[in-house]
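Keep the coordinates open while reading.

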Amino acid sequence: MWVVDPRRTSSAKFADAWLGLNVGTDIALANGVAREIIHAGLVNEEFIENATEGYEEFKTHVEPWTLDVTSEVTGVPSEAIADLAHGYATAPTAQILWTLGITEHHTGVDNVLALSNLALLTGHVGRPGSGLVPLRGQNNVQGGGDMGALPNKLPGFQDVDDDNIRARFEKTWKAEFTGEHGLNLTEMFEAMGQDTLRAVWVIGENPADSEADVKHARAMLERLEILVVQDVFMTRTAQMADVVFPAALGWAESEGTATSSERRVQRIRAAVPPPGQAKQEIEIISEMAKRLGSTTWGNPTPQELWDELRTLSPMHGGMSWERLETEGGIQWPCPDEDHPGSLFLHGRLWERPISGRKAPFSCVEHRPPVDELTDEFPIRLTTGRVLDSFNTGVQSGKFDSPIRSGDALEISSEDAATLNIVDGETVRVSSRRGSILMRVKTDAELQVGLAFTTFHFPELVDINQLTSDATDSKSGTGEFKAAAIKIEKIESMANV
Amino acid sequence: MNEIPVGAPRSQIEVQIDGKQVKAVEGATILNICQKEGIDTPTLCWAENLTPVNVCRVCVVEVEGSRTLVPSCSRPAEDGMVISTDSDRVRKSRKLVFELLDSSVEMDRSTAEVKEWMEHYEVDSSRMGSKNEIATVAQPPKIQDSLYVRDYERCILCYKCVEACGEDAQHTFAIATAGRGFDAHISTEFDVSLPDSACVYCGNCIGVCPTGALVFKTEHDMREEGTWDEETQEVTTTVCSFCGVGCNLELHVQDEKIVKVTSPADHSVTSGHLCIKGRFGWQHVQS
């Protein structure tokens, strides 16, 4: 196991090797690894020839990324890069797993493409034990996308602008809708700023705490003509709302399904009744539909909705409610009731000749983080998560964990010494967007020039005032992982 | 490049168990066969999601040609083996093991199946003397945080917690056996308090403890108050909300409140093991 992370995390301590790269140099590293695999003659020629396209162009593209150049840009020793390249390429099976350290950059999509190139070079995709594995951060974030909670997709990842597909949905839903794409989250905030989006209904999210450059996000939410929030708690976003719909808690108070990282659809079940006036989310949405004038919506049960989905989304077709109950979860695609579900995707790349389109190599460029390090803002701040907390702490903050940490700004002992600050001291931390007070925790294992904190405690530390306003132009995801900050000693608390 | 490795083929063997000829796959343990044949076999240190450590000896059976009784949990069955699971010798041995444990350790908060086995084997530990006359491991429970109670007067040293903390699940290695003989006990490094140890509070040790030595603080407090009522508790299986792994949670609910969380050991996603958020992060449901 190799761990690639700017910080020496607990996973890194388990690993055979840790590559502590500079923040935002993932593409550089992947391109360097690719070049080394090519030059060492470790590519899977048969797979490249039969299942991929664009290899020659890709080979030329990564040629400048010698071990020395890659080492210079990433800060990782050449030998470690070569070791990773050889280890990955020669393993009988190998997986690349990642989370938000890859995607929360202004190059997030390109970062993923750069990793995909490595799987295509070596054939580590589409067979048991090999693959590309994005680990999801919530129990049903996969299911949300599967169900069409995306600006351009209907349930089952079907294109909303395909007239034939839309016609099937319109027939079942007894309603007409356009094929126009919606907005992703970043675009929604832009539209709020332009007053082209004036009414927002937030379901189970807390953007007033979780968005990067959060002062801006709060200002945008304030501008709205009406903000409706449906949640299980009075989050900061709910406190800003004109109307709040108290909702039953999905995983413990509702019936339904959740789809895990490995595409496994499993049943969630109600163990306790929802408190007070909280209603099931399906009931809230159905009642809203009626008040908006729908006469066809009715009062569907979770199982009825699931059965409808099976008629519309081919990849869910074979997953009957009974099978979900008895089989302990089924992985999509599962097109019919005799299908066991799919342990892995992209197996078609091993068919000879392959059916459908060959997998393309992507020539992606290293582009450093948008929020530049300068003499004024010399420290790189990266935010993340710790074991016992969850996102903005709305849920995990309610249990009393003996190992709670993460509200302090972690910096290297060397930087602390340079700044003349000690462990536990309160300092002023500023970026180009905001300035807050934070407690410092020195960490001997952090690299010089790197700072880390979580965003689990927004009531104590409003860290997203500092995070970067840069976003990925393809996914809209914010660059949470790379802000430039300065840390200032407070000479007298009286002046704060 | 497209072959799927399936390992070497395993041959079938045949054994005689309690007079009945049965077939099994080579490599199966005697306990595997007992379970498949519906022969109820007591176990304390064995769990389906842990490697057998072979210490408790309540699962022993008699094998023809073997001088001593053999632990069924770890002994692979061999072709032609003749096994008795309910001979006088086996029954006496199982009864004695339970009696010796029960004479020095409080067994009254053991799992329901352990209590059933003790009843079945007519366990009478008073034969060993009364508890205030003989050496016991009596001691007050260790309560060092708001999640765990370590009540070591209930510990039978089955090592399951050590296995779950170590190589069989969590790879944290926060606890191990310390001391020798009657002083042997489960301890953190240098006996530091749990919050100061390497413990990551996954609670996987609680999940495998057969005697109630490791319990949720919620369960401990309710038992002390006399409000713990397992018979009225309902168990609902759902999916943890805290990440995308898809661990199954069994929510134990009493009077419409979650009182503890377990996870099914036979589920393919995590084989019954959880993290701190899944096992303890449910307070928000009732806040």
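## Chain B: burial and build

In chain B, 41% of the 287 residues count as buried. The model is predicted. Chain B averages a pLDDT of 92, and 98% of its residues score at least 70. Where pLDDT is low, predicted coordinates should not be read in detail. For the model as a whole, ipTM is 0.91 and pTM is 0.91.

Chain B holds 7 helices and 12 strands. Its C-alpha atoms fill a box of roughly 65 × 60 × 40 Å along the principal axes. Of the contacts in chain B between residues at least 6 apart in sequence, 57% join residues at least 24 apart.

Domain 1 of chain B brings 19 residues to the contact, and domain 2 of chain B brings 20 residues.

What is the make-up of the side of domain 1 of chain B that touches domain 2 of chain B, by class? There are 12 nonpolar, 4 polar and 3 charged residues on that side.

## Chain A: overall build

Chain A has 19 helices and 20 strands. Its radius of gyration is 24 Å, close to the 23 Å that the globule rule gives for 496 residues, so chain A is as compact as a globular protein of that length. Along the principal axes, the C-alpha atoms of chain A fill a box of roughly 70 × 65 × 45 Å.

Buried residues make up 39% of the 496 residues in chain A. Contacts in chain A with a separation of 6 or more can be split by sequence distance. Residues 24 or more positions apart account for 67% of them.

Helix α8 of chain A spans residues 108-122 and has 15 residues. From first C-alpha to last, α8(A) reaches 22 Å, close to the 21 Å expected at 1.5 Å a residue.

Is α8(A) mostly covered or mostly open? Mostly covered: 12 of its 15 residues are buried. Among the buried residues of α8(A) are Gly108(A), Asp110(A), Asn111(A) and Val112(A). Further along α8(A), Leu118(A), Ala119(A), Leu120(A), Leu121(A) and Thr122(A) are buried as well. An α-helix has 3.6 residues a turn, so residues three or four places apart point the same way. Gly123(A) follows α8(A), and its phi is positive, near 75°.

## The interface between the chains

The contact between the chains takes 36 residues from chain B and 42 residues from chain A. Three elements of chain B each supply at least two residues of the side that touches chain A: β10 (234-239), β11 (248-254) and α7 (276-280). Which of these elements gives the most to that side? β10(B) does, with 4 residues.

By class, the side of chain B that touches chain A divides into 18 nonpolar, 15 polar and 3 charged residues.

## Backbone details worth a look

Two cis peptide bonds come up in chain A. One runs from Trp332(A) to Pro333(A), with omega near 0°. The other runs from Arg352(A) to Pro353(A), with omega near -5°. Pro333(A) is found in the loop between β13 (330-331) and β14 (359-360) of chain A. Pro353(A) lies in the loop between β13 and β14 of chain A.

Lys174(A) has a phi of about 50°, in the loop between α10 (163-173) and α11 (185-193) of chain A. Lys174(A) counts as exposed because it has 10 C-beta neighbours inside 10 Å, and the cut-off for exposed is 12 or fewer. Leu157(B) has a positive phi of about 55°. Leu157(B) sits in the loop between β6 (148-150) and α4 (160-165) of chain B. Is Leu157(B) buried or exposed? Leu157(B) counts as buried because it has 20 C-beta neighbours inside 10 Å, and buried needs 20 or more.

Note on methods: Residues numbered from 1 in each chain as written. Chains lettered and ligands numbered in written order. Predicted model: local features only at pLDDT ≥ 70, side-chain atom pairs only at ≥ 80, totals over all residues. Rg over C-alpha atoms; globule rule 2.2 N^0.38 Å. Contact = placed C-beta atoms within 7 Å. Nonpolar A, V, L, I, M, F, W, Y, C, P; charged D, E, K, R; others polar. Expected span 1.5 Å × (residues − 1). pLDDT = per-residue confidence, 0-100.
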